[in-house]
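Hello,

Here is the structure we talked about handing over. Please open it alongside this message; my notes follow below.

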Amino acid sequence: MSGSLSRAAAALLRWGRGAGGGLRAPGVRAAGSGGDGGGRSAAQLDTLVKKDKVVVFLKGTPEQPQCGFSNAVVQILRLHGVRDYAAYNVLDDPQLRQGIKDYSNWPTIPQVYLNGEFVGGCDILLQMHQNGDLVEELKKLGIRSALLDEKKDQDSK
Amino acid sequence: MPGLGFRGDTARPQTRSCTYAAFAVPSPLDNCPPRAPSSRASALRGLGRIPPTSHRRKGWCLRWRRAPCGSGPMLSGQLVRHLFSMAGRVCLSRSSAGLGTIGPVEAAIRTKLEQALNPEVLELRNESDAHAVPPGSETHFRVAVVSSRFEGLSPLQRHRLVHAALSEELAGPVHALAIQTRTPAQWKENPQLDMSPPCLGGNKKTRGTP
């Protein structure tokens with residue numbers, strides 16, 4: 001038990017060091033001021049989801065999710081060490097909340113986009129995490145999953 | 001998008017046993033056959049990870065059977081491994097002991113999925129009572145569907161089939177729909193049902209809006 005706890009602690013420390021020396025929040029980006037008054041057009045949302053490699057639309061924020069399913073997405077990304085991603089809180093913007101559902105033709109939140117492509121909700125992200133697909137998809141984006149480092153540590157012991 | 005299944009690729013970390021149990025607390029149910037508390041269950045109860053067995057869930061009897069612990073490296077340590085192993089094999093059966101009635105939305109969901117997907121297994125659960133909505137709501141559901149119509153389809157395509165069948169409900173009262181889709185072969189290989197993570201309150205201002 002102590003061995004696994006120390007490995008988990010070591011993983012957390014590496015996560016912190018990888019951030020440049022300290023634990024920091026993911027790159028939470030606000031979805032614009034909406035000053036144009038035109039809501040969330042498909043073109044605007046298309047730009048939004050393609051601006052970053054990993055984009056998630058949540059209820060709440062990564063620091064304080066307000067939905068269990070949104071929290072699950074945040075935790076899965078955390079497990080893989082994905083720290084620099086765009087997270088948009090749909091609870092702050094009703095037009096964004098409906099707009100992203102129309103854009104992806106997906107009726108629920110959270111929604112996950114990888115490389116501008118809609119991947120699914122938290123059920124699908126969990127499946128990808130379970131069967132290892134998420135590691136490969138992140139690799140395609142040039143993101144090395146922290147789970148690979150964990151496995152490497154275990155193999156070397 | 002690849003479908004479900006254990007890849008058996010030793011080069012990739014195996015996290016098959018990771019479920020929402022890592023982020024959730026199992027819901028205890030009354031009216032279940034009593035089982036001897038395990039040492040792990042007692043330990044987790046002591047840590048506040050499992051609520052006291054006094055909560056009553058309407059309409060379902062959940063029988064838990066312990067499954068072997070998942071294999072493979074787990075990033076988050078021993079406690080999370082305990083939570084994973086507690087997910088186990090889940091068998092859901094509809095209780096007819098008057099624990100609750102099926103609401104119209106639940107009935108409609110069941111009918112539409114049966115018509116659209118001709119499922120071999122269809123497990124539907126109204127989870128609204130676990131969320132910040134008024135009693136008797138039909139807003140949060142979890143469904144597991146086993147159907148040969150999912151053959152050759154990616155998870156995204158499968159979920160879209162379910163959404164298409166339930167478009168009216170999703171545009172209306174249903175606030176959240178957790179979906180598990182499997183082909184008959186996949187179900188035979190892994191008949192484990194997921195559980196939903198705990199509600200984190202939602203947005204009180206827009207409660208009830210998907």
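**Chain A: overview**

Chain A has seven helices and four strands. Helices here are DSSP runs of H or I with at least four residues, strands are runs of E with at least two, and both are numbered from the N terminus. Along the sequence, the pattern in chain A is α-α-β-α-β-α-β-β-α-α-α.

A word on conventions. This is a predicted model, in which local features need pLDDT of at least 70 and side-chain atom pairs count only at pLDDT 80 or more, while totals for chains, interfaces and linings use all residues. Residues are numbered from 1 along each chain as its sequence is written, chains are lettered from A and ligands numbered from 1 in the order in which they are written, and side-chain values use heavy atoms, with hydrogens and water left out.

Of the 157 residues in chain A, 55% are buried. Buried means under 20% relative accessible area, exposed over 50%, and partly exposed in between (1.4 Å probe, protein chains only). Contacts are heavy atoms within 4.5 Å. Among chain A contacts with a separation of 6 or more, 65% are between residues 24 or more positions apart.

**Cores**

The largest nonpolar core holds 41 residues. A nonpolar core is a set of buried Ala, Val, Leu, Ile, Met, Phe, Trp, Tyr and Cys residues joined through side-chain atoms within 4.5 Å. A:V54, A:F57 and A:L114 are among the residues with the most contacts inside that core.

**Cysteines**

How many disulfides are there over all chains? The count is zero, with a disulfide taken as a pair of cysteine sulfur atoms within 2.5 Å. The sulfur of A:C67 has its closest cysteine sulfur in A:C122, 7.1 Å away, so the gap is too far for a bond. A:C67 is buried, at a relative accessible area of 11%. A:C122 is buried too, at 6%.

**The sheet in chain B**

Chain B has an open sheet of three strands, ordered β3-β4-β5, with mixed pairing. Two strands pair if DSSP finds at least two bridges between them. β3 (121-126) and β5 (176-182) of chain B stand at the edges with a single partner strand each, so one side of each has no neighbour in the sheet. β4 (residues 140-146) of chain B runs parallel to β5(B), joined by seven bridges. B:R142 stands opposite B:A178 in β5(B).

Best wishes
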